[in-house]
Number of protein chains: 2
Amino acid sequence: MSSSGAATSVRDEVLAANDAYAASFAKGDLPMPPGRKFAVVTCMDARLDPAKYLGLEEGDAHVIRNAGGLASDDAIRSLIISTSLLGTQEVFIIAHTDCGMLTFTNDVCRDKLREETGADASHIDFLPFPDLEESVRQSLARVRETPFFERIPVSGWVYDVQSGRVSEVS
Amino acid sequence: MSSSGAATSVRDEVLAANDAYAASFAKGDLPMPPGRKFAVVTCMDARLDPAKYLGLEEGDAHVIRNAGGLASDDAIRSLIISTSLLGTQEVFIIAHTDCGMLTFTNDVCRDKLREETGADASHIDFLPFPDLEESVRQSLARVRETPFFERIPVSGWVYDVQSGRVSEVS
(Lines give C-alpha, C1' and ligand atoms only; values in the text may rest on other atoms or scores of the structure.)
Protein backbone atom coordinates (compact mmCIF):
# COMPACT_ATOMS: atom_id res chain seq x y z
CA MET A 1 0.00 0.00 0.00
CA SER A 2 1.32 3.39 -0.93
CA SER A 3 0.59 6.50 1.05
CA SER A 4 1.91 8.90 -1.57
CA GLY A 5 -0.20 11.13 -3.78
CA ALA A 6 -3.26 13.20 -3.02
CA ALA A 7 -5.73 11.47 -0.75
CA THR A 8 -9.27 10.88 -1.94
CA SER A 9 -11.95 8.89 -0.22
CA VAL A 10 -12.11 6.39 -3.07
CA ARG A 11 -8.35 6.00 -3.01
CA ASP A 12 -8.37 5.39 0.74
CA GLU A 13 -11.15 2.83 0.45
CA VAL A 14 -9.42 1.02 -2.41
CA LEU A 15 -6.10 0.91 -0.58
CA ALA A 16 -7.71 -0.35 2.62
CA ALA A 17 -9.42 -3.11 0.63
CA ASN A 18 -6.14 -3.99 -1.06
CA ASP A 19 -4.38 -4.09 2.29
CA ALA A 20 -6.92 -6.60 3.56
CA TYR A 21 -6.60 -8.69 0.38
CA ALA A 22 -2.81 -8.74 0.53
CA ALA A 23 -2.79 -9.58 4.23
CA SER A 24 -4.33 -12.97 3.54
CA PHE A 25 -2.96 -13.46 0.03
CA ALA A 26 -1.83 -17.03 -0.60
CA LYS A 27 -1.63 -17.15 -4.40
CA GLY A 28 1.83 -15.74 -4.99
CA ASP A 29 3.11 -18.76 -6.92
CA LEU A 30 0.65 -18.85 -9.82
CA PRO A 31 2.18 -19.20 -13.29
CA MET A 32 1.66 -16.57 -15.97
CA PRO A 33 -0.36 -18.73 -18.44
CA PRO A 34 -4.04 -19.13 -17.49
CA GLY A 35 -4.57 -22.47 -15.78
CA ARG A 36 -7.94 -23.17 -17.36
CA LYS A 37 -6.75 -22.06 -20.79
CA PHE A 38 -9.51 -19.75 -21.86
CA ALA A 39 -10.15 -16.06 -22.38
CA VAL A 40 -13.23 -13.92 -21.83
CA VAL A 41 -14.15 -10.64 -23.50
CA THR A 42 -16.83 -8.77 -21.62
CA CYS A 43 -18.07 -5.27 -20.86
CA MET A 44 -16.53 -2.82 -18.37
CA ASP A 45 -20.01 -2.39 -16.84
CA ALA A 46 -19.84 -2.08 -13.06
CA ARG A 47 -22.64 -4.58 -12.52
CA LEU A 48 -20.61 -7.37 -14.09
CA ASP A 49 -18.15 -9.40 -12.03
CA PRO A 50 -16.95 -11.99 -14.55
CA ALA A 51 -14.90 -13.87 -11.93
CA LYS A 52 -18.08 -14.35 -9.92
CA TYR A 53 -20.52 -14.97 -12.74
CA LEU A 54 -18.20 -17.47 -14.47
CA GLY A 55 -16.63 -19.04 -11.40
CA LEU A 56 -13.04 -17.87 -11.93
CA GLU A 57 -10.30 -18.06 -9.34
CA GLU A 58 -7.07 -16.11 -9.61
CA GLY A 59 -4.93 -17.81 -12.26
CA ASP A 60 -7.80 -19.34 -14.25
CA ALA A 61 -8.49 -17.22 -17.33
CA HIS A 62 -7.69 -14.03 -19.18
CA VAL A 63 -10.38 -11.37 -18.81
CA ILE A 64 -10.55 -8.57 -21.37
CA ARG A 65 -13.05 -5.78 -20.75
CA ASN A 66 -14.07 -2.67 -22.65
CA ALA A 67 -17.12 -0.51 -23.22
CA GLY A 68 -19.55 -2.92 -24.87
CA GLY A 69 -17.63 -6.15 -24.45
CA LEU A 70 -16.65 -5.82 -28.09
CA ALA A 71 -14.09 -7.65 -30.18
CA SER A 72 -12.47 -4.27 -30.82
CA ASP A 73 -9.03 -4.01 -32.42
CA ASP A 74 -7.54 -3.84 -28.95
CA ALA A 75 -9.47 -6.89 -27.77
CA ILE A 76 -8.22 -8.74 -30.86
CA ARG A 77 -4.67 -7.65 -29.96
CA SER A 78 -5.15 -9.00 -26.44
CA LEU A 79 -6.74 -12.24 -27.69
CA ILE A 80 -3.86 -12.93 -30.08
CA ILE A 81 -1.39 -12.54 -27.21
CA SER A 82 -3.63 -14.73 -25.05
CA THR A 83 -3.97 -17.57 -27.56
CA SER A 84 -0.64 -17.41 -29.32
CA LEU A 85 1.76 -16.60 -26.50
CA LEU A 86 -0.06 -17.69 -23.36
CA GLY A 87 -1.80 -20.89 -24.35
CA THR A 88 -5.51 -20.15 -24.16
CA GLN A 89 -7.62 -22.39 -26.38
CA GLU A 90 -11.16 -21.04 -26.18
CA VAL A 91 -12.80 -17.60 -26.19
CA PHE A 92 -16.10 -16.42 -24.68
CA ILE A 93 -17.52 -13.07 -25.76
CA ILE A 94 -20.10 -11.87 -23.24
CA ALA A 95 -22.23 -8.76 -23.69
CA HIS A 96 -25.04 -7.87 -21.28
CA THR A 97 -28.58 -6.55 -21.11
CA ASP A 98 -29.14 -2.84 -20.34
CA CYS A 99 -25.74 -1.99 -21.81
CA GLY A 100 -24.91 1.70 -21.91
CA MET A 101 -23.73 1.30 -25.50
CA LEU A 102 -27.37 0.87 -26.54
CA THR A 103 -28.28 4.31 -25.19
CA PHE A 104 -26.28 6.78 -27.29
CA THR A 105 -24.88 7.48 -30.73
CA ASN A 106 -21.50 8.85 -31.73
CA ASP A 107 -23.11 12.23 -32.40
CA VAL A 108 -24.70 12.36 -28.94
CA CYS A 109 -21.41 11.51 -27.31
CA ARG A 110 -19.41 13.98 -29.41
CA ASP A 111 -21.90 16.79 -28.75
CA LYS A 112 -21.77 16.14 -25.01
CA LEU A 113 -17.96 16.17 -25.01
CA ARG A 114 -17.86 19.41 -26.98
CA GLU A 115 -20.31 21.03 -24.55
CA GLU A 116 -18.54 19.82 -21.42
CA THR A 117 -14.89 20.07 -22.38
CA GLY A 118 -14.77 22.15 -25.54
CA ALA A 119 -12.75 19.35 -27.14
CA ASP A 120 -13.39 17.73 -30.49
CA ALA A 121 -14.08 13.99 -30.50
CA SER A 122 -15.07 13.71 -34.15
CA HIS A 123 -12.07 11.43 -34.77
CA ILE A 124 -13.21 8.88 -32.17
CA ASP A 125 -15.66 6.09 -32.97
CA PHE A 126 -17.18 5.18 -29.61
CA LEU A 127 -18.58 1.96 -31.13
CA PRO A 128 -22.16 2.25 -29.81
CA PHE A 129 -24.61 -0.30 -31.13
CA PRO A 130 -28.42 -0.38 -31.45
CA ASP A 131 -28.91 -4.18 -31.17
CA LEU A 132 -27.30 -6.26 -28.46
CA GLU A 133 -27.38 -9.72 -30.01
CA GLU A 134 -26.40 -8.38 -33.41
CA SER A 135 -23.42 -6.71 -31.78
CA VAL A 136 -22.36 -10.03 -30.28
CA ARG A 137 -22.71 -11.68 -33.69
CA GLN A 138 -20.53 -8.99 -35.23
CA SER A 139 -17.88 -9.56 -32.57
CA LEU A 140 -18.04 -13.30 -33.20
CA ALA A 141 -17.61 -12.72 -36.91
CA ARG A 142 -14.65 -10.42 -36.35
CA VAL A 143 -12.85 -13.02 -34.26
CA ARG A 144 -13.73 -15.90 -36.55
CA GLU A 145 -12.55 -13.99 -39.61
CA THR A 146 -9.19 -13.26 -38.00
CA PRO A 147 -6.76 -15.89 -39.29
CA PHE A 148 -4.94 -16.18 -35.96
CA PHE A 149 -7.91 -17.85 -34.26
CA GLU A 150 -8.63 -20.60 -36.78
CA ARG A 151 -8.32 -23.38 -34.24
CA ILE A 152 -9.95 -21.52 -31.34
CA PRO A 153 -13.62 -22.15 -30.49
CA VAL A 154 -15.35 -18.81 -29.95
CA SER A 155 -18.86 -18.43 -28.57
CA GLY A 156 -21.08 -15.40 -27.91
CA TRP A 157 -23.27 -14.78 -24.89
CA VAL A 158 -25.52 -12.24 -23.20
CA TYR A 159 -25.36 -11.77 -19.43
CA ASP A 160 -28.69 -10.69 -17.95
CA VAL A 161 -28.05 -8.00 -15.33
CA GLN A 162 -31.42 -8.74 -13.71
CA SER A 163 -30.90 -12.49 -13.27
CA GLY A 164 -27.10 -12.92 -13.29
CA ARG A 165 -27.56 -15.59 -15.95
CA VAL A 166 -25.75 -15.98 -19.29
CA SER A 167 -27.44 -17.27 -22.42
CA GLU A 168 -25.83 -18.10 -25.71
CA VAL A 169 -26.28 -16.02 -28.84
CA SER A 170 -26.84 -18.23 -31.85
CA MET B 1 -27.86 -21.33 -18.93
CA SER B 2 -27.87 -22.39 -22.54
CA SER B 3 -27.44 -25.95 -23.65
CA SER B 4 -26.91 -25.11 -27.29
CA GLY B 5 -23.63 -25.29 -29.16
CA ALA B 6 -20.85 -27.82 -29.02
CA ALA B 7 -20.08 -29.02 -25.51
CA THR B 8 -16.60 -28.50 -24.11
CA SER B 9 -15.45 -29.15 -20.59
CA VAL B 10 -14.62 -25.50 -20.03
CA ARG B 11 -18.03 -24.48 -21.34
CA ASP B 12 -19.76 -26.96 -19.04
CA GLU B 13 -17.78 -25.77 -16.03
CA VAL B 14 -18.45 -22.12 -16.79
CA LEU B 15 -22.16 -22.71 -17.25
CA ALA B 16 -22.42 -24.70 -14.04
CA ALA B 17 -20.66 -21.87 -12.18
CA ASN B 18 -23.00 -19.33 -13.76
CA ASP B 19 -26.00 -21.42 -12.81
CA ALA B 20 -24.88 -21.40 -9.18
CA TYR B 21 -24.25 -17.63 -9.29
CA ALA B 22 -27.65 -16.89 -10.82
CA ALA B 23 -29.43 -19.18 -8.36
CA SER B 24 -28.55 -16.89 -5.46
CA PHE B 25 -28.33 -13.63 -7.41
CA ALA B 26 -29.82 -10.72 -5.50
CA LYS B 27 -28.40 -7.71 -7.36
CA GLY B 28 -30.86 -7.39 -10.22
CA ASP B 29 -31.80 -3.79 -9.43
CA LEU B 30 -28.44 -2.06 -9.71
CA PRO B 31 -28.35 1.13 -11.79
CA MET B 32 -26.14 1.43 -14.86
CA PRO B 33 -23.79 4.19 -13.57
CA PRO B 34 -21.08 2.89 -11.22
CA GLY B 35 -22.08 3.53 -7.61
CA ARG B 36 -18.60 4.41 -6.40
CA LYS B 37 -17.93 6.61 -9.44
CA PHE B 38 -14.53 5.39 -10.52
CA ALA B 39 -12.94 3.37 -13.30
CA VAL B 40 -10.01 0.97 -13.31
CA VAL B 41 -7.76 0.03 -16.22
CA THR B 42 -5.81 -3.15 -15.56
CA CYS B 43 -4.29 -6.15 -17.30
CA MET B 44 -6.18 -9.18 -18.60
CA ASP B 45 -3.70 -11.39 -16.68
CA ALA B 46 -5.43 -14.41 -15.15
CA ARG B 47 -3.74 -13.89 -11.78
CA LEU B 48 -5.47 -10.54 -11.30
CA ASP B 49 -8.94 -10.31 -9.83
CA PRO B 50 -9.48 -6.55 -9.61
CA ALA B 51 -12.81 -6.93 -7.79
CA LYS B 52 -11.00 -8.84 -5.07
CA TYR B 53 -7.78 -6.87 -4.93
CA LEU B 54 -9.63 -3.52 -4.90
CA GLY B 55 -12.67 -4.54 -2.88
CA LEU B 56 -15.33 -4.07 -5.57
CA GLU B 57 -18.88 -5.32 -5.33
CA GLU B 58 -21.16 -5.59 -8.34
CA GLY B 59 -22.26 -2.07 -9.28
CA ASP B 60 -19.23 -0.26 -7.84
CA ALA B 61 -16.83 0.63 -10.66
CA HIS B 62 -16.03 0.25 -14.34
CA VAL B 63 -13.26 -2.25 -15.00
CA ILE B 64 -11.38 -2.07 -18.30
CA ARG B 65 -8.86 -4.81 -19.03
CA ASN B 66 -6.46 -5.50 -21.89
CA ALA B 67 -3.07 -7.07 -22.48
CA GLY B 68 -0.75 -4.88 -20.42
CA GLY B 69 -3.33 -2.79 -18.58
CA LEU B 70 -2.55 -0.01 -21.04
CA ALA B 71 -4.28 3.27 -21.79
CA SER B 72 -4.69 2.03 -25.36
CA ASP B 73 -6.95 3.83 -27.83
CA ASP B 74 -9.71 1.42 -26.89
CA ALA B 75 -9.20 1.97 -23.17
CA ILE B 76 -9.38 5.73 -23.82
CA ARG B 77 -12.63 5.16 -25.75
CA SER B 78 -14.01 3.23 -22.79
CA LEU B 79 -12.79 5.80 -20.26
CA ILE B 80 -14.44 8.67 -22.16
CA ILE B 81 -17.75 6.80 -22.10
CA SER B 82 -17.20 6.03 -18.42
CA THR B 83 -16.43 9.57 -17.35
CA SER B 84 -18.57 11.56 -19.78
CA LEU B 85 -21.72 9.44 -20.04
CA LEU B 86 -21.70 7.33 -16.88
CA GLY B 87 -20.46 9.67 -14.21
CA THR B 88 -17.12 8.26 -13.07
CA GLN B 89 -14.82 10.86 -11.54
CA GLU B 90 -11.51 9.10 -10.94
CA VAL B 91 -9.32 6.63 -12.85
CA PHE B 92 -6.83 4.04 -11.58
CA ILE B 93 -4.38 2.49 -14.04
CA ILE B 94 -2.94 -0.72 -12.60
CA ALA B 95 -0.20 -2.78 -14.27
CA HIS B 96 1.40 -5.75 -12.53
CA THR B 97 4.71 -7.48 -11.93
CA ASP B 98 5.69 -10.46 -14.11
CA CYS B 99 3.53 -9.12 -16.95
CA GLY B 100 3.67 -11.14 -20.16
CA MET B 101 4.09 -7.91 -22.12
CA LEU B 102 7.64 -7.66 -20.72
CA THR B 103 8.61 -11.00 -22.30
CA PHE B 104 8.30 -10.48 -26.06
CA THR B 105 8.70 -8.00 -28.87
CA ASN B 106 6.48 -7.32 -31.87
CA ASP B 107 8.91 -9.25 -34.06
CA VAL B 108 8.84 -12.30 -31.77
CA CYS B 109 5.06 -12.29 -31.76
CA ARG B 110 4.76 -11.78 -35.51
CA ASP B 111 7.27 -14.56 -36.25
CA LYS B 112 5.40 -16.96 -33.98
CA LEU B 113 2.09 -16.15 -35.64
CA ARG B 114 3.57 -16.62 -39.11
CA GLU B 115 5.00 -20.00 -38.11
CA GLU B 116 1.85 -21.23 -36.42
CA THR B 117 -0.88 -19.85 -38.64
CA GLY B 118 0.83 -18.70 -41.81
CA ALA B 119 -0.86 -15.34 -41.35
CA ASP B 120 0.81 -11.96 -41.48
CA ALA B 121 0.60 -9.79 -38.35
CA SER B 122 2.97 -7.08 -39.51
CA HIS B 123 0.11 -4.54 -39.37
CA ILE B 124 -0.57 -5.19 -35.68
CA ASP B 125 1.29 -3.42 -32.89
CA PHE B 126 0.98 -5.74 -29.90
CA LEU B 127 2.15 -2.92 -27.60
CA PRO B 128 4.78 -4.89 -25.64
CA PHE B 129 6.95 -2.86 -23.27
CA PRO B 130 10.39 -3.40 -21.73
CA ASP B 131 9.89 -1.39 -18.50
CA LEU B 132 6.83 -1.80 -16.29
CA GLU B 133 6.82 1.47 -14.39
CA GLU B 134 7.72 3.45 -17.50
CA SER B 135 4.77 1.84 -19.26
CA VAL B 136 2.47 2.98 -16.45
CA ARG B 137 3.90 6.50 -16.72
CA GLN B 138 3.24 6.50 -20.46
CA SER B 139 -0.35 5.41 -19.87
CA LEU B 140 -0.77 8.15 -17.28
CA ALA B 141 0.61 10.69 -19.72
CA ARG B 142 -1.75 9.50 -22.46
CA VAL B 143 -4.78 9.92 -20.24
CA ARG B 144 -3.66 13.23 -18.79
CA GLU B 145 -2.96 14.63 -22.26
CA THR B 146 -6.43 13.68 -23.47
CA PRO B 147 -8.57 16.82 -23.16
CA PHE B 148 -11.67 14.87 -22.10
CA PHE B 149 -10.15 13.97 -18.72
CA GLU B 150 -9.07 17.40 -17.55
CA ARG B 151 -11.05 17.26 -14.33
CA ILE B 152 -10.45 13.56 -13.63
CA PRO B 153 -7.74 12.49 -11.14
CA VAL B 154 -5.72 9.66 -12.67
CA SER B 155 -3.16 7.60 -10.77
CA GLY B 156 -0.84 4.76 -11.79
CA TRP B 157 -0.09 1.61 -9.83
CA VAL B 158 1.70 -1.72 -9.97
CA TYR B 159 0.04 -4.84 -8.53
CA ASP B 160 2.54 -7.35 -7.20
CA VAL B 161 1.44 -10.85 -8.23
CA GLN B 162 3.52 -12.38 -5.42
CA SER B 163 2.05 -10.30 -2.60
CA GLY B 164 -1.34 -9.17 -3.90
CA ARG B 165 -0.39 -5.62 -2.99
CA VAL B 166 -0.61 -2.45 -5.12
CA SER B 167 1.95 0.34 -4.94
CA GLU B 168 1.78 3.70 -6.62
CA VAL B 169 3.98 4.70 -9.54
CA SER B 170 5.29 8.21 -9.08
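**Figure 1. A:R36 and B:E13 form a salt bridge, with their closest N and O atoms 2.9 Å apart.** The model is predicted, and local features are taken where pLDDT is at least 70, side-chain atom pairs at pLDDT 80 or more, while totals for chains, interfaces and linings use all residues. Residues are numbered from 1 along each chain as its sequence is written, chains are lettered from A and ligands numbered from 1 in the order in which they are written, and side-chain values use heavy atoms, with hydrogens and water left out. A salt bridge here is a side-chain nitrogen of Lys or Arg within 4 Å of a carboxyl oxygen of Asp or Glu. Helices (H or I, at least four residues) and strands (E, at least two) are DSSP runs, numbered from the N terminus. B:E13 has a relative accessible area of 39% and is therefore partly exposed; buried means under 20%, exposed over 50%, and partly exposed in between (1.4 Å probe, protein chains only). Side chains of opposite charge can pair when their charged atoms come close.

**Figure 2. A salt bridge joins the side chains of A:R142 and A:D73, at 2.7 Å from N to O.** A:R142 belongs to helix α5 (residues 132-145) of chain A and A:D73 to helix α3 (residues 73-85) of chain A, so the pair ties together parts that are 69 residues apart in sequence. A:R142 is partly exposed at 38% relative accessibility, whereas A:D73 is exposed at 58%. Over all chains the count comes to 34 salt bridges. Among them is a network that links A:K27, A:E57, A:E58 and B:K52.

**Figure 3. B:D107 and B:R110 form a salt bridge within one helix, their closest N and O atoms 3.9 Å apart.** The two residues are three places apart in helix α4 (residues 106-117) of chain B, so about one helical turn separates them. B:D107 counts as exposed because its relative accessibility is 51%. B:R110, at 17%, counts as buried.

**Figure 4. A:F38, A:F92 and A:W157 form one aromatic cluster.** Rings of Phe, Tyr and Trp (its six-membered ring) pair if their centres lie within 6.5 Å; planes under 30 degrees apart count as stacked, over 60 as edge-to-face and the rest as tilted. The whole structure holds eight aromatic pairs over all chains. In one of them, the ring centres of A:F38 and A:F92 are 5.4 Å apart and the planes stand at 75°, so the pair is edge-to-face. A:F38 is in strand β1 of chain A and A:F92 in strand β3 (residues 91-96) of chain A, so the pair ties together parts that are 54 residues apart in sequence. Both A:F38 and A:F92 are buried. A tilted pair is formed by B:Y21 and B:F25, with 5.4 Å centre to centre and 55° between the planes. B:Y21 is buried at 12% relative accessibility, and B:F25 is buried at 17%.

**Figure 5. The largest nonpolar core has 116 residues.** Such a core is a set of buried Ala, Val, Leu, Ile, Met, Phe, Trp, Tyr and Cys residues joined through side-chain atoms within 4.5 Å. The residues with the most contacts inside it are A:I94, A:F126, A:Y159, B:I94, B:F126 and B:Y159. Contact means heavy atoms within 4.5 Å. Beyond its neighbours within four places in sequence, A:Y159 touches residues including A:Y53, A:I94, A:H96, B:Y21 and B:F25. In soluble globular proteins, nonpolar side chains tend to be buried together.

**Figure 6. B:I81 sits in helix α3 (residues 73-85) of chain B.** At 1% relative accessibility, B:I81 is buried. Leaving aside neighbours within four places in sequence, B:I81 is in contact with A:M44, A:A67, A:M101, A:F104, A:F126 and B:L86.
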